[in-house]
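Trainee: Could you help me learn to read charged pairs and pockets in a protein model?
Mentor: Gladly! Let's look at one together.

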Amino acid sequence: MADIDVLTSLIEPEAKALGFALVRVKLFGGEGDRTLQIMAERPDTRQLNIDDCAALSRRISEKFDILEAAGRDPIDEAYRLEVSSPGIDRPLTRLQDFADWAGHEARLSLAEPQDGRKQLTGPLKGIDGETIVIDVNKHGEMRVAFANIHSAKLVMTDRLIAATAPLSAEGADSIQVEGQD
C-alpha cells in the first residue's frame, strides 16, 4: 500500500496552491476497493464547497496522472478519489485543531491507555505545548501527549452546529414538499 506521508507530501502543495489547508489524507479499503480520502478546508471559513472540492480533485488527478505517465505512480492499484470538507463532526488531526476547537466536545481514541482509559470524551480545554488538555466526562481534566492520539473527532452538539453554521447558504439544495408551493 502507498505511503501516507508520500501521498500527503504530493497532495499538500496542490491544496495550498488553491488556498486550502489540508486536514487529512487517508487511504483505506481492501484490494479492489481502495479509497483515497482527502479532507481540506478554507482557513478563513473552515469549509469547502462543491466547486472547491472539484478544483482540488482535478489538481490531484492531474498531478497523479503525470506521475503515472512518468512511471512513478504513487498508488500502484485502482482506487477512488474522495475530496471533501471535514464536516461538522470533523476529525482532529493537527495539534492546532485541539486549540482551535477548545470548548467543544471531542472523542479521543488513544494509542496507549492512560489512567486505564483508551477512549476519552469531553470538552477540549486546549493545548499546552505538545499536550492536549481535555475535561473528561465524569473523570476530570486529563493531559494527553499528542503523540498518543490514535484518532480524534468532534462530537455533534448544538453548540458545534451553531459554531459551524455555513457562512453562506449559496449552493445549498432547497427542499420542496410535494403539494406545497
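Trainee: Which residues are linked in a network of salt bridges?

Mentor: Before we look, keep in mind that this is a predicted model. The general idea is that side chains of opposite charge can pair when their charged atoms come close. Here, the network of salt bridges links Glu-41, Arg-46, Arg-90, Arg-94, Asp-97 and Asp-100.

Trainee: How many salt bridges does the structure hold?

Mentor: There are 13 salt bridges in the structure. Let's follow a few of those in the network.

Trainee: What does the side chain of Arg-46 meet in a salt bridge with Asp-97, in terms of N to O distance?

Mentor: For Arg-46 and Asp-97, the N to O distance is 3.7 Å. This pair links distant parts of the chain, 51 residues apart. Arg-46 sits in the loop between β2 (34–41) and α2 (50–69), while Asp-97 belongs to helix α3 (residues 95–100).

Trainee: Is Asp-97 buried or exposed?

Mentor: Asp-97 counts as buried, because its relative accessibility is 1% and the cut-off for buried is under 20%. Arg-46, with a relative accessible area of 22%, is partly exposed.

Trainee: Which parts does the salt bridge between Arg-46 and Asp-100 tie together?

Mentor: The side chains of Arg-46 and Asp-100 meet at 3.0 Å, N to O. Asp-100 is partly exposed, at 38% relative accessible area.

Trainee: And where does Arg-94 come in?

Mentor: Arg-94 forms a salt bridge with Asp-97, at 2.9 Å from N to O. Arg-94 is partly exposed, with a relative accessible area of 24%.

Trainee: Now for pockets. Which residues lie nearest the centre of the second largest pocket?

Mentor: To read a pocket, look at its space, then at what lines it. The second largest pocket has about 300 Å³ of space. Its lining is made of 14 residues, and those nearest the centre are Arg-24, Leu-92, Thr-93, His-150 and Ser-151.

Trainee: Which element gives the most to that lining?

Mentor: That is β8, with four residues in the lining of the second largest pocket. The elements giving two or more residues are α1 (4–17), β1 (21–28) and β8 (149–154).

Trainee: How do the lining residues divide into nonpolar, polar and charged?

Mentor: In the second largest pocket, seven are nonpolar, four polar and three charged.

How values were computed. Residues numbered from 1 in each chain as written. Predicted model: local features only at pLDDT ≥ 70, side-chain atom pairs only at ≥ 80, totals over all residues. Heavy atoms only, no water. Salt bridge = Lys/Arg side-chain N within 4 Å of Asp/Glu carboxyl O. Buried < 20%, exposed > 50% of the residue type's maximum accessible area, 1.4 Å probe, protein only. 1 Å grid on protein atoms, 1.4 Å probe; cavity = no way out; pocket = protein on both sides within 12 Å on 5 of 7 lines; lining within 4 Å. Points joined across faces, edges and corners; volume = space filled by probe spheres on them. Nonpolar A, V, L, I, M, F, W, Y, C, P; charged D, E, K, R; others polar.
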